[in-house]
Amino acid sequence: MIRSLVELLRPIDRDQRRRQLLFLAAGIAAAFLGFVAVGPVTAERLIAGYGYYYILGLFVLFVGFAWRVARARPTWRRWLCQPGWPAVAIILAAGLAIWSDPLKHKILYDEYVLQGTAAQMHATKEIGTAVRAYDIFGTWVPIDLFLDKRPYFFAFLVSLLHDLTGFRVANMFVLNVALAPVFVGLVYWLAATLTGRRGPATLAMALLATMPLLGQQVTGAGMELHNVTMLALVMALAILYLRAPDDDRLSLLVLGAVLLSQSRYESVIFVVPTALVIVLGWVRIKRVLLPWTALIAPLLLVPYAWHNRVLSAKPALWQLREGETTRFALSYLAGNLRAAGKFFFNTSVELANSWWLSALGAVALVWILIRALRWLRDPARRDLTASELVVLVFGAGIIGNLTMLMFYYWSRLDEVIASRFALPLYFLLALLGARLACDLDSRRLPGTKLAVFGLGAWFFVFGLPAVARRPYTDQNLVMHEVEWTREMVTSRAHSVLLITNSSTIPFVLSRIPTVLIGAARNRGEQIRFHLDEGTFQEAIVAQAIRPVSAQGETGVDPDDLLPPSFHLQTIEQKRFGGRWLRISRIVSIDPPASAEGAAPSVAEPASARRSTELQ
């Protein structure tokens, strides 16, 4: 292939030489702009001010080229008019995933940050998340904003829903629910093109739809489902391109890959498989295609490089645990590998995995490797189909993606919050499992029937009990604390300032003026002024209550203490798991003492200082 590529890259005319030189110049310019010319501070300002228009332009271009490609391929219209039973299967699979868990926030506070970014993109067309905001003469005005570390394509799509319907927190759930049939439909199409049969394609859908992990992402407000849907979409576009390479299909594939890189941090890895597929297309038609979208592709990735540099320059955004100093390290590998093995082959109902899919996928992976070796040794080997090439190339990217995450500090898949990182690999295992079942069927062995029987046994014995546990919702005590606090504040029929011991973002999204306890300690005089002036008719404080003595006596968590000058009256307290949450109102705040008789200040806990700095 390398020899063929070298031959293709030899320019045969002036136009081709000019396009190759332009692509090379764009690559050099992209590297210079992304890593040399623009510093992290400037990059942060550029992303915050102009990132919305960058992602809007990408999306509009993608939709435009998608329409051009679809218009030239009318078979999809016939399928829409007469979808048949596959459409019923897709709807049932999506419905099962939606039914499996309540529509609630799952990953705190990641999902609230994404919602805050979407709200800001909707309101101002800027990228940022508000941590403080106030109602000023009837206008909700954000005061403090920060650029989140997460890519913003998902938040952009949510902001479009806000543009159409007005701001609603529920729009994030609406988007994920809408993505569910799109994702399982793409899984069906990819498996059908890989196997050439409907039975194994339906099996691939069922393997994923019955897995608790998928249902948790479908019913949450995170970006994991969007990321894996974009991955499936780019793979489908790669197959369409390899079947009949042309400028429009190449442009659509390039734009899809750039959008995929803005779906999750590590998804930029899939730019490499996309580039390889593009080269394979050139070799197939014995001609280099370089439309203008491909020429500027390196420049389109510059904002991703800027965002990554901003993240690298701000250790506070890394959210490292105590004792950790870096995001990626060899020391994390052993623990992450043990956790991955425990997660993928866990046979209890405590985790959201599917050991049946893991086992079937592992056998399928070995089977595919054996077939690949046989294919390489065969001098008369056949050409691989477009779907086979794409699954092999992107499958290597998915495995590389998970391998990289094994060096990441927060990738213990047996932890509820980190389990979602396994979704792309499960997607690949479902496709490989469908191919294994099809190959066994072709050898007159009941591969698909055995896989379906095993899936049914696993689902009713292990899957349903795991779904019933609902660890993201029923056992998510922090989420219940946030919801209870919000209900307590919104039940007050007047303007309230909330002083919270958790993140301010969930309450800002509900248009509740909020500050952290760490900030309130140093703002007693200002809070007293606004209460006296009627800016807020009441100030509410949320504090954690925990044991403070060996005899079981309870008291306010030291991190949540306010200075003695704050006089509180308890409104209500409620138990969440092993601790209580107390809601109090501020009765009064003493004025500051004179310089001669000033009492020594209350020592501020380290965690409170960190929280204040983050604000």
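1. Let's start with Thr514, which is buried, at a relative accessible area of 0%; buried means under 20% relative accessible area, exposed over 50%, and partly exposed in between, using a 1.4 Å probe and protein chains only. Thr514 lies in strand β4 (residues 514–516). Strands here are DSSP runs of E with at least two residues, while helices are runs of H or I with at least four, numbered from the N terminus.

2. A word on what you are looking at: this is a predicted model, where local features need pLDDT of at least 70 and side-chain atom pairs count only at pLDDT 80 or more, while totals for chains, interfaces and linings use all residues. Residues are numbered from 1 along each chain as its sequence is written, and side-chain values use heavy atoms, with hydrogens and water left out.

3. Now look around Thr514. Its side chain reaches the backbone oxygen of Ile512 at 2.7 Å. Not counting residues up to four places away in sequence, Thr514 touches several others, including Val131, Tyr134, Leu497 and Phe507. Contact means heavy atoms within 4.5 Å.

4. Next, visit Phe344, in helix α17 (residues 333–344). Phe344 counts as buried, with 8% relative accessibility. Leaving aside neighbours within four places in sequence, its contacts include Trp355, Leu402, Leu413 and Tyr426. Phe344 and Ser502 are 158 residues apart in sequence and 33 Å apart in space, C-alpha to C-alpha.

5. How do helices α5 and α9 cross? The axes of α5 (residues 85–99) and α9 (residues 198–209) come within 9 Å and cross at roughly 10°, which makes α5 roughly parallel to α9. Axes are lines fitted to C-alpha atoms, for helices over the stretch in contact, and angles run from 0 to 180 degrees between N-to-C directions. Angles under 35 degrees count as roughly parallel, over 145 as roughly antiparallel, 65 to 115 as roughly perpendicular, and the rest as oblique.

6. Which residues join α5 to α9? Among them, Trp85, Ile90 and Leu96 in α5 meet residues of α9 that include Arg198 and Met205. By class, this contact of α5 with α9 has nine nonpolar, one polar and one charged residues. Ala, Val, Leu, Ile, Met, Phe, Trp, Tyr, Cys and Pro count as nonpolar, Asp, Glu, Lys and Arg as charged, and the others, Gly among them, as polar.

7. Finally, compare another pair. Helices α6 (residues 110–124) and α7 (residues 153–165) pack at an angle of about 55°, their axes 8 Å apart, so α6 is oblique to α7. Their contact has eight nonpolar, four polar and one charged residues.

Technical notes. A polar contact is a pair of N or O atoms within 3.5 Å; within protein, one must be able to donate a hydrogen and the other to accept it, and residues adjacent in sequence count only if both atoms are side-chain atoms.
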